[in-house]
Amino acid sequence: MTGSRLVPPAVAGHTGTAALRADVRAFLAEQSSAGTFTPSVDAWLCGWDETFTAALAERGFLGMTIPEEYGGRGRSHIERFVVTEELLAAGAPVAAHWIADRQIVPALLKNGTDAQKREFLPEIAAGRCFFGIGMSEPDSGSDLASVRTRATRVDGGWSLTGTKVWTSGAHRAHAFIVLARTAPVDPGHRHAGLSQFIVRFDGPGVEVRPIVSMNGSHHFNEVILNDAFVADDMVFGQIGDGWRQVTSELGFERSGPERVLSTFPLLAAAVGDMAQQPSAHDPTVGALVARIAALHHMSAAVAGALERHEPADVPAAVVKLLGTLTEGDIADFADLRCGDETATGPALRTLTTTAVDQRPGFTLRGGTTEVLRGVIARGLGLR
């Protein structure tokens, strides 16, 4: 905490990132002074602003872990962690590029062909190419092994038929990576026979249907694949290796600071509001700040493991589980404070309303609480 402003601490053991963190804060101050954005809760999921994304790319804050030969910055996961943490803490509108930069980039670098890397990575780094995720399906929940989307071999490629759901940004993005079955289900080996494909949203046989939230917002979608053709050069990784590939991606999806800081702008606003009221005192604030600080170090540790190419699925699940529970507790805390409208300002009430609206999804997206507990238990040899 600096004065009355709540800010993320430095990454332990990485003091060399202080200059980078200061640079990001200066950029955000410039953008805020220009009125380009208003801090928001869950801005990494709902704050789609391609102009802001372009400004980030121009400043060198996008595609940071992409090697220079593919149009990126050639920087570390820790450096990217510092940038994304500052953006999230500020409630900046980063949804347009978030999935591509967080998840698709490392997946392409690990499993993509050289042609796929050269086609997509420079465009992602420039803030011109946006991706979605094609994992979840109706009635499957977080059980990815139960996917029913089928990929059938045809002349020159594959024909995909099935439905994907909760696909954030599909109505605005360019493509998504689809998990599909390329072999019949083997009851004894449910994770076998899965493969991934890069599918363009504007291609034939692809229909995007909006899923509008109860508050009227639209970022989720249902995507119908009806004999959608995917050429052989858009097969992602190896046929039949989809389960290994997708679980590797989940380490990036579950461990990032967005699983900790979705409601950080709300907590910062609440702390600032309380600082203006000398009589205001609530020990809950200290507990929440302590939890955020601990999760910050846990999330940074996972970023370090990813930097070293170490397995991080279990630590990532722990961060996601504890992080989203904390995010929900922040929403509940602010909601109780805002019960008395005379005690809070309109900006804080707006942030609180958004957080309460989004709260039910915190422990669902990226894997439900129950599934994550199972991942952790298996990883620790408890089941």
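## Surroundings of Met 64

Leaving aside neighbours within four places in sequence, Met 64 is in contact (heavy atoms within 4.5 Å) with Leu 20, Arg 73, Gly 74, Arg 75, Glu 79, Arg 80, Val 83 and Asp 101. Met 64 lies in the loop between α3 (50-59) and α4 (77-89); helices are DSSP runs of H or I with at least four residues, numbered from the N terminus. Met 64 has a relative accessibility of 1% and therefore counts as buried, a term for under 20% relative accessible area with a 1.4 Å probe and protein chains only, whereas exposed means over 50% and partly exposed lies in between. One of its contacts, Gly 74, is 10 residues away along the chain, and the two C-alpha atoms are separated by 6.0 Å.

This is a predicted model, in which local features need pLDDT of at least 70 and side-chain atom pairs count only at pLDDT 80 or more, while totals for chains, interfaces and linings use all residues. Residues are numbered from 1 along each chain as its sequence is written, and side-chain values use heavy atoms, with hydrogens and water left out.

## Thr 17

Thr 17 belongs to the segment before α1 (18-33). Its relative accessible area is 8%, so Thr 17 is buried. Not counting residues up to four places away in sequence, Thr 17 touches Ile 78 and Val 82.

## Aromatic rings

Rings of Phe, Tyr and Trp (the six-membered ring for Trp) pair if their centres lie within 6.5 Å; planes under 30 degrees apart are stacked, over 60 edge-to-face, and the rest tilted. By this rule there are nine aromatic pairs. The ring centres of Trp 44 and Trp 98 are 6.4 Å apart and their planes stand at 45°, so this pair is tilted. The pair links distant parts of the chain, with Trp 44 in helix α2 (residues 43-46) and Trp 98 in helix α5 (residues 95-111), 54 residues apart. Both Trp 44 and Trp 98 are buried.

Ring pairs also join Phe 27, Phe 37, Phe 52 and Phe 61 into a cluster.

## Packing of α9 and α11

Helix α9 (residues 264-275) packs against helix α11 (residues 313-337) at an angle of about 35°, with the axes 10 Å apart. Axes are lines fitted to C-alpha atoms, for helices over the stretch in contact, and angles run from 0 to 180 degrees between N-to-C directions.

The contact involves Leu 266, Leu 267, Ala 270, Asp 273 and Met 274 of α9, together with Ile 330, Ala 331, Phe 333, Ala 334 and Arg 337 of α11.

Conventions. Helices (H or I, at least four residues) and strands (E, at least two) are DSSP runs, numbered from the N terminus.
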